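Thanks for coming. I will take a few minutes to walk through one model, starting with its strands and ending at its ligand.

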Amino acid sequence: MPYRHIAVEPLTPTIGATVHGVDLGAPLSEAAFREIHDAWMEHCVLFFRDQAMTPEQHLAFGRRFGPLHIHPAAPYAHGNPELMVIETNRDSKRNNGSAWHSDVSADEEPPLGTILHLHEVPPQGGDTLWANMYAAYEALSPSLQALLERLTAQHAADYTGVYGDHPPQREFPRAVHPVVRTHPVTRRKALFVNSSFTKRIQELSVHESRDLLDFLFEHVKHPAFQCRFHWGAGSVAMWDNRCTQHLAVWDYHPDTRRGLRVTVQGDRPFLEAGADTSTAGARVHTATEAAEAAGG
Ligand SMILES: O=C(O)CCC(=O)C(=O)O
């Protein structure tokens with residue numbers, strides 16, 4: 001897709017792109033914002049380097065995509081629960097996001113996207129991996145795709161002890177979602193199960209559910225679906241939780257890695273009957289196209 005207001009450099013053919021020529025701390029024109037949104041829909045995860053955003057600018061950038069989401073239990077900064085703290089240091093007992101997941105998928109309306117800005121990075125390591133769930137779905141045989149499209153799964157999150165003494169913001173979420181979801185913007189189908197929060201496939205017996213989930217959790221980890229990002233201080237990553245999963249590697253103890261995360265509210269996952277993924281690429285609705293059609 002041609003871009004006129006930003007430069008987009010894909011990281012792999014399947015997922016991830018670095019965006020150049022944008023200062024996320026400065027006011028973004030509507031045209032540049034629309035192209036960022038289009039690039040996001042095309043590449044699922046975007047990276048921006050050397051960004052000097054303040055927390056207020058970070059919040060403002062997040063709000064361009066929709067109302068902000070509040071994590072059920074994570075600590076936050078500046079008295080604002082929309083500003084989640086990501087920090088692992090010498091004293092940490094665990095690392096946030098060290099298993100594959102899609103953010104807070106146990107919410108009835110899981111967040112559509114997440115924007116993480118790292119302020120301090122370790123001298124080595126601390127990479128994050130993302131996997132493309134359209135590609136994971138499309139790599140399955142049509143017979144298995146057809147079965148999965150008839151199934152729903154229970155998601156549940158239990159954050160007890162995960163964030164130390166920080167008191168939770170609300171009750172731990174639980175929800176039932178389709179195993180395959182239609183992305184509301186691209187209309188493409190994506191696998192929507194993850195090993196952190198998906199507990200049980202409802203229509204199967206316990207052991208059938210366990211075996212099928214284990215197969216899918218293994219399948220989504222194939223390197224062909226992934227990209228891996230090496231952070232610098234000031235890097236920003238924004239990922240679409242509707243079509244990706246991610247994992248943050250903790251290989252830098254005792255060094256510190258810290259930053260702030262803003263998360264955008266999403267809607268209830270659904271599966272659109274009969275959508276044809278074979279032409280999905282041609283049917284991507286871009287924000288720029290929509291604006292041009294509307295004369296904008
Ligand atoms: O620290 C990271 O790179 C990602 C952390 C994570 O998994 C999350 O914020 O959901």
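Two strands count as paired here if DSSP finds at least two bridges between them. With that in hand, take strand β5, residues 80–88: 5 bridges join β5 to β16, and the two run antiparallel. Within that pairing, Ile86 stands opposite Gly259 in β16. Please keep in mind that this is a predicted model.

Now the sheet that holds this pair. It is an open sheet of 8 strands, in the order β1-β2-β3-β14-β6-β16-β5-β4, and the pairing is mixed. At the edges stand β1 (7–10) and β4 (76–77); each has a single partner strand, so one side of each has no neighbour in the sheet.

Next, the helices on this sheet. Helix α1, residues 30–43, packs on the sheet and touches β1, β2 (17–20), β3 (45–48) and β14 (236–240). The direction of α1 makes about 125° with that of β3.

Helix α2 lies across β4, β5, β6 and β16, and runs at about 30° to β16. Which residues of α2 are buried? In this helix, residues 55–63, they are His58, Phe61 and Gly62. Looking down the axis of α2, the buried residues fall within an arc of 100°, so they line one face of the helix.

Let me turn to another strand, β8, residues 152–156. It has a covered face, with Ala153 and His155, and an uncovered one, with Thr152, Gln154 and Ala156. In a regular strand, side chains alternate between the two faces of the sheet.

What does β8 pair with? One partner is β9, residues 174–178, in the antiparallel sense over 5 bridges. There, the bridge partner of His155 is Ala175. β8 also pairs with β12, residues 198–201, again antiparallel, over 3 bridges. In β12, Arg200 is the bridge partner of Gln154.

Last, the ligand. Which residues are around it? They are Ile86, Asn96, Gly97, Asp103, Leu116, Thr128, His246, Ala248 and Arg261. By type, this shell divides into 3 nonpolar, 4 polar and 2 charged residues.

Technical notes:
Residues are numbered from 1 along each chain as its sequence is written. This is a predicted model: local features need pLDDT of at least 70, side-chain atom pairs count only at pLDDT 80 or more; totals for chains, interfaces and linings use all residues. A residue is near a molecule or strand if its C-beta atom, placed from the backbone, lies within 6 Å of it. Ala, Val, Leu, Ile, Met, Phe, Trp, Tyr, Cys and Pro count as nonpolar, Asp, Glu, Lys and Arg as charged, and the others, Gly among them, as polar. A residue is buried if 20 or more other C-beta atoms lie within 10 Å of its own, exposed if 12 or fewer, and partly exposed in between; C-beta atoms are placed from the backbone. Helices (H or I, at least four residues) and strands (E, at least two) are DSSP runs, numbered from the N terminus. The arc is that of the directions from the helix axis to the C-beta atoms. Two residues are in contact if their C-beta atoms, placed from the backbone, lie within 7 Å. Axes are lines fitted to C-alpha atoms, for helices over the stretch in contact, and angles run from 0 to 180 degrees between N-to-C directions.
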